[in-house]
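Dear colleague,

I am passing on the structure we spoke about, and below it you will find my notes on what came out of it. Please read them with the coordinates open beside you.

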Amino acid sequence: MPTFVYMTRCDGCGHCVDICPSDIMHIDPTYRRAYNIEPNMCWECYSCVKACPQNAIDVRGYADFAPLGHSVRVDRDERKGTIAWRIKFRDGTEKNFLSPITTKPWGTAIPKLADVPAPSKEMRDGQLLYNEPKYIRLDDGGLRTLEDAGLKLKKGVYY
Amino acid sequence: MAYDTIIEDGIDILVVGAGLGGTGAAWEARFWGQDKKIVIAEKANIDRSGAVAQGLYAINCYMGTRWGENNPEDHVRYARIDLMGLVREDLLFDMARHVDSTVHQFEEWGLPIMKNPETGHYLREGRWQIMIHGESYKPIVAEAAKKSADKVFNRICVTHLLMDESKPNRAAGAVGFNVRTGNYHVFKSKTVICGAGGASNIFKPRSTGEGAGRTWYAPWSSASAYGLMIDAGAKMTQMENRIVLARFKDGYGPVGAYFLHLKTYTQNGLGEEYESKWFPELQKMVGKEYLDPEASHLTHRPIPTCLRNHALISEVKAGRGPIHMVTMQAFQDPHLEEVGWENFLGMTVGQAVLWAATDVDPKNENPELTTSEPYVMGSHATCSGAWCSGPEDVSPSDYFWGYNRMTTVEGLFGAGDAVGGTPHAFSSGSFTEGRLAAKAACKYIDDGKAEGIVVSAAQIERRGKEIYKPLEHYRIYRNAVVAGSVNPHFINPQQGLDRLQKLMDEYCGGYTVGYMTNEKLLNICLKKLRIMEEDLENLAAQDIHELLRAWELKHRHRAAECVTQHTLYRKETRWPGYYYRGDAMKVDDANWHVLTVSRRDPETGGYTMEKAPCYHLVSDGE
Ligand SMILES: Cc1cc2nc3c(=O)[nH]c(=O)nc-3n(C[C@H](O)[C@H](O)[C@H](O)COP(=O)(O)OP(=O)(O)OC[C@H]3O[C@@H](n4cnc5c(N)ncnc54)[C@H](O)[C@@H]3O)c2cc1C
Ligand code: SF4
Ligand code: SF4
């Protein structure tokens, strides 16, 4: 495999095709459902698995070293801001994990830099980046220089 | 060809590849260039592309200057010793003094960063690493980039940079094709920031068949940053410094959180500590300056990553494998057990799949470690990439030609894996480098340096023909045989990749030869790579997806050639554990305490090699 698609669950929506970084989830022209066209270029990154609204995609470990009989399922919920994992071992052992994926509602926390006041000429000529030095220490203090560190350029050290 | 040509003109800043470096560039470019046209061309979908597609469990580069934890110069010292003396200290210092602001932004954007309940500081994994719940790291930085860019073109495989015809050695944009529609895309731009990532799959991977995709660095890290820049005539540095990683066997799960936070340790097949016993002999090879276990013990100075690999490789060769990671103690603590698992689920799910499939529960059994095949990249514990200008207030004159992170091709900037000499930048440092490059690119345009760029229709047409040639080749010759993949007129991309990996493995020091090579082998390697280049003219692609693989292969081939040239030129074993020159085993500081720099002439294909001074800007001592 390593990803594969359950025939009865997939409705051909194409979300997995849209997201796969390796360009290997394709829609089969006959069945109009998705499948992995190049398993040896799959990283098991789970991007497609997380994106599938039908939970139709699963992963079977690589045949050259992974025996059958296991599963690692995922449920990523953007609304709740969580990701849940269920690991089933070959021998039946089960482990469950839940983690946050963000602390802010999607699409709200990142400003548009086109709307912030334009930088001055001094800022352009200096070394600071957007929101610095404030963002470096989140209070005061400037950008570190070699002089701050009591250092001088050691020119000509050539071995 | 039946495909449309789509021209995007009047671009000020073109970001090629929107991984961590590219998203940083697009984001920051909007602040310094509020009136500028910023366009992204990305091979996959920006929401989940690049090395961070699955997420990360740690940010590996954070100073914590606001809490007095580290200063940028401390980081320079650390990266320098880890790379056995050879880094670009100006670039490193510059990245390190800005990186905290990047991380503070990430936190504001919603990236869950773990906190130390006692101090309220970010929870440290190690001196430089902080822990995050990073499954959505990439979607978060992608959102920032999308908010800044005028347009994002997903699914564009960029194949070549465009060059200005009015002034030699100046970039003028890029071309590529859409891997879904097949359309030919032309981006005419005043500047280009290349963030197209490092290289996996140049050397034969440890796994075969289906498992070939389970490499440590993403299989879509196609060396495009290097292929594009080398072909444009940019100077490259430290390309011999390929990296080999110690990882959990087969799954390639990273070991950082295990060593640093869970405090696990390694032992050989007999249950013994083995690392230290290899060090006395190794010290004779590399010198006390680079390996002084006693001093390291007293001052917490790290033992270089490559030397620790050397110990692992040597112990396995001596027949005392397998090497185990001792997890059974740490995993008895339920909290640490959770950290151990979530570390993989948020970053390398394949490792969890493997353990489930093989019934390895690290609580009851110590898992195996191994060393990976070599990778070529610029932002991990390694620093291959383009020779770039540093910032004006820090860089010595040999390292400074006007615009921060600009390569030796005018108007062409780099970020992340693309930039040479800046190891230990990782995700946060790559994003920071993108920001630095974007500011400099805006300045370059404002200074009037991008005036009068000319790109002729002939250049655009020539590149277009070149791009689609594999499809054309397939169409012409496919009926010469009945059926199947064996054809006397062509090879397909997978066959080409197999050949590249085999020859790099055997001649340039891959894992099957114990990472060992020498001058004779390297010369054979170059010869075979040259012949392979002729065959790449006969590469055949039966559809657009295979055309993508064809261009990934061409970029990998170009990067591989450059790696081989550098390895041949540096006549010493500077990084034992990454590779060995069997004919020059010792570190030779008298002749080789220098950075190696190459340039490939785009006209002739010939390489010029030079030594560049390695300036130590930061004094020793803590
Ligand atoms: C398993 C793993 C674990 C890691 N762990 C950590 C960690 O814990 N902490 C940490 O800080 N860092 C970690 N790193 C390192 C970090 O991911 C990299 O340092 C960083 O992503 C490099 O950024 P980049 O922008 O150079 O490359 P990438 O992020 O890989 O981006 C390259 C981009 O270019 C695009 N591209 C490639 N070719 C083309 C082309 N021809 N045309 C157009 N676009 C193209 C790709 O699709 C991609 O989007 C880890 C990496 C891996 C693989
Ligand atoms: S996302 Fe799921 S349902 Fe949609 S095409 Fe892919 S497998 Fe089918
Ligand atoms: S797991 Fe990742 S690489 Fe594999 S098919 Fe899904 S998205 Fe593509």
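**Sheets in chain B**

Strand β9 of chain B, which covers residues 236–237, is joined to β14(B) by two bridges, and the two strands run antiparallel. Within this pair, M236(B) has A386(B) of β14(B) opposite to it. As a caution before going further, please keep in mind that this is a predicted model.

The pair belongs to an open sheet of four strands in chain B, whose order is β14-β9-β18-β19 and whose pairing is antiparallel. At the edges of that sheet stand β14 (385–386) and β19 (607–613) of chain B, each of which pairs on one side only. Helix α16 of chain B, made up of residues 544–569, lies across β9, β18 (594–600) and β19 of chain B, and its direction makes an angle of about 55° with β19(B).

Another open sheet in chain B, again of four strands, has the order β10-β13-β12-β11 with antiparallel pairing. Because β10 (246–248) and β11 (265–267) of chain B are the edge strands and each has a single partner strand, one side of each is left without a neighbour in the sheet. On average, and with direction ignored, neighbouring strands of this sheet are turned by 40° against each other. The antiparallel pairing of β10(B) with strand β13 of chain B (residues 368–371) extends over three bridges, and A246(B) has T371(B) as its bridge partner in β13(B).

**The contact between the chains**

The size of an interface is often given as the accessible area lost when the parts come together. For chain A and chain B the buried area is about 8,700 Å², with 59% of it on carbon and sulfur atoms. To this contact chain A gives 91 residues and chain B gives 104 residues.

**Ligand surroundings**

Ligand 3 is placed between chains A and B. There are 13 residues around ligand 3, of which C20(A), C42(A), C45(A), Y46(A) and C48(A) come nearest; by class, this shell consists of ten nonpolar, two polar and one charged residues.

Around ligand 2 there are likewise 13 residues, and those that come nearest are C10(A), C13(A), G14(A), C16(A) and C52(A). The shell of ligand 2 divides into eight nonpolar, four polar and one charged residues.

**Backbone points to check**

Most residues other than glycine have a negative phi, and most peptide bonds are trans.

In chain A, the peptide bond between E132(A) and P133(A) is cis, with omega about 5°, and P133(A) sits in the loop between α3 (121–125) and α4 (134–137) of chain A. In chain B, a cis peptide bond leads from G321(B) to P322(B), with omega near -10°; the position of P322(B) is in the loop between α9 (305–317) and β12 (323–326) of chain B. Finally, R405(B), a residue other than glycine, has a positive phi near 65°, and R405(B) belongs to the loop between β14 and β15 (412–414) of chain B.

Methods:
Residues numbered from 1 in each chain as written. Chains lettered and ligands numbered in written order. Predicted model: local features only at pLDDT ≥ 70, side-chain atom pairs only at ≥ 80, totals over all residues. Heavy atoms only, no water. Near = heavy atom within 4 Å. Nonpolar A, V, L, I, M, F, W, Y, C, P; charged D, E, K, R; others polar. Pairing = 2+ DSSP bridges. Contact = heavy atoms within 4.5 Å. Axes fitted to C-alpha atoms, helices over the stretch in contact; angles between N-to-C directions. Buried area = accessible area lost by both parts, 1.4 Å probe.
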